Amino acid sequence: MEPSLIKDIALSDSGFIFNPVTGESFTVNPIGVGILNQLRLGKARQEILDQLVVEFQVDLEQAERDLMDFLNLLKHFRLVSSNE
Amino acid sequence: MSRPRVNIAVTGLNAVDSPGPGVPVIRGLHEALSFEANVTGLAYEALEPGIYMDGLVNKSYLIPYPTEGIDSLRDRLLYIHQKEHLDVIIPNFDAELFSFMKLAPELEQHGIHMFLPTLDQFEERQKANLSAFGKKHGIDVPESLTIHSLSELEKTVKSMDFPLMIKGRYYEAYIAHTLEQAKGYYAKISAKWGVPVIVQKFVKGTELNVTGLGDGSGQTIAAVAMRKQFITDKGKAWAGITINDPDLLKITRNFISSTHWRGAFELEIMKSDNGKCYLMEINPRIPAWVYLAIATGQNIPEALVNLALGKPVSPYESYEVGKLFIRYSYDMIVERNNFEQLSVNGEFKQI
C-alpha cells in the first residue's frame with residue numbers, strides 16, 4: 001500500500017501543516033517537511049526511503065523504521081491515505 | 001455612486017464572556033458595500049459594552065425584557081422608530097426572537113423590516129423537537145427523548161447507554177455518566193429552565209459550526225464552516241478557524257432547501273470519530289463569531305438587511321479557508337455621564 005497525502009493539505013516550508021477539511025494544524029521538523037513534499041510529488045515509499053538513506057547517511061533498516069513510524073503518525077492524524 | 005443610507009437597529013450589544021452577536025453584526029453592517037449603515041443599538045442593560053464603543057452605534061436605547069410582554073416591546077420600538085426612522089431591525093437573541101416574530105407584521109406596516117424564520121420553522125427546530133426534525137428532513141440527530149418527570153427519566157435511561165447528555169430546553173447541558181448524576185442534572189436544569197428536559201445520546205467527536213443565511217425559498221445565500229479552536233468554560237468559541245468540510249456544507253444546503261429556512265442561523269454539528277456528522281442544535285439567529293464569516297468573504301448581516309428590504313441578493317459562492325478569529329477582552333473607560341444618561345433616560349447618543 002502506497003501512502004498519499006490527502007487533497008488540499010497546506011504545507012509550509014516552516015513545517016506548519018493545515019488540514020482545511022478538519023481545521024487541525026500540526027508542526028513537523030525539516031525532515032518531516034522533506035518527506036511530506038516527497039509524498040506530495042507522488043513518490044513511492046521505496047523512493048522516499050532511498051532518498052533518506054542517501055541524504056542522512058543512515059542504514060536502511062533504521063530509515064525504514066523511522067519512515068514507518070512517521071507514516072503511521074500521519075495516518076493517525078488523517079493526513080495520508082493508503083492507496084492499494 | 002453614493003450608497004443609500006439605511007437605518008438599522010441591532011440587539012445583542014453585550015460583548016461579554018458569553019457574547020451577544022450585536023457588535024460583530026454591526027461591524028459587518030459598517031463594512032457593507034451596498035449601503036451606508038446608520039446603526040441604533042437596542043440594549044437590555046445599561047452596562048452592555050456595545051453601547052459605549054467608539055464608532056459602533058449612533059444612539060442606544062434600553063428596551064424591555066421579553067418577560068415584560070409584547071405590548072411594552074411594541075410601544076418602545078415604535079417610540080424609537082419615531083426618533084430614528086428605522087428601516088430594519090436585526091434581533092440577535094434566542095429569547096427575544098419569538099416576540100419580534102409576533103410583532104413582525106405590525107412593524108412591517110410601520111415600514112420596519114426584519115428577515116426572521118417563520119414561527120413554524122422556529123418551533124420545529126427547538127431542542128425538544130430536534131429528533132422529529134432530523135427524521136423529517138433526513139438529517140442525522142443523536143437519539144434523544146424529552147423528559148417531564150424524574151420517574152420518566154429513570155424509565156428512559158434504562159433503554160439508553162451512559163454517558164448521556166442532559167440538556168435544558170433553552171440553555172445548559174451536562175454529561176451524565178450514572179443515573180444518579182442524570183437525576184442531579186435533571187433537578188438542576190428543570191429548576192432553572194423548566195420542563196421538558198432533553199436526554200440525548202452522547203456523541204464523542206469534534207465540535208464544528210456553520211453559520212449561514214437562507215432566502216426563504218430554499219436557496220443558500222451564505223454558508224461558512226468553522227472549527228472551534230478554543231472553548232470557554234461556558235462552551236463558547238473564543239477562537240476558531242474556517243474550514244472546508246464538504247460534509248458540513250452539504251448538511252447546511254440540505255437543511256436550507258428542505259426547510260426553506262428564512263433568515264440567518266447557526267448549526268452546531270458534532271463530527272464523530274468515524275466521520276459521521278450529527279446535528280446537535282440549530283440556533284435561529286446570527287452567531288457571535290459571525291465576524292469570521294464577514295472577514296472571509298461572506299457579509300451575512302449585509303445580505304440579511306438587503307433580503308429584509310426586498311432587494312435581490314446573489315448567493316455567496318466561497319470563503320477563505322484557514323483564517324482564524326481570536327477573541328479578546330478589553331477594558332473601555334466610560335464617562336459616568338454617559339452611563340448616567342442611558343440609566344436615567346433609557347437612551348444615549350454618542351457624540
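The lining of the largest cavity in this predicted model draws at least three residues from each of two domains of chain B, namely domain 1 (5–114 + 330–349) and domain 2 (121–125 + 204–326), with bounds that come from an automatic or database domain assignment. A cavity here is a set of points, on a 1 Å grid over the protein atoms alone, where a 1.4 Å probe fits but cannot get out, and lining residues have an atom within 4 Å of a point. Among the lining residues are Ile90(B), Phe115(B), Ala264(B), Arg285(B) and Leu304(B). By this rule there is one cavity of 30 Å³ or more, and the largest cavity has a volume of about 80 Å³, a volume being the space filled by probe spheres set on the points, which are joined across faces, edges and corners.

Chain A and chain B bury about 610 Å² between them, 51% of it on carbon and sulfur atoms; buried area is the accessible area (1.4 Å probe) that two parts lose on being put together, summed over both.

The table gives residue classes, where Ala, Val, Leu, Ile, Met, Phe, Trp, Tyr, Cys and Pro count as nonpolar, Asp, Glu, Lys and Arg as charged, and the others, Gly among them, as polar.

| Residue set | Nonpolar | Polar | Charged |
|---|---|---|---|
| Side of chain A that touches chain B | three residues | two residues | two residues |
| Lining of the largest cavity | 10 residues | one residue | one residue |

Residues are numbered from 1 along each chain as its sequence is written, and chains are lettered from A and ligands numbered from 1 in the order in which they are written. Local features need pLDDT of at least 70, side-chain atom pairs count only at pLDDT 80 or more, and totals for chains, interfaces and linings use all residues, while side-chain values use heavy atoms, with hydrogens and water left out.

Conventions. On a 1 Å grid over the protein atoms alone, a cavity is a set of points where a 1.4 Å probe fits but cannot get out, and a pocket is an open set with protein on both sides within 12 Å along at least five of seven lines; lining residues have an atom within 4 Å of a point.
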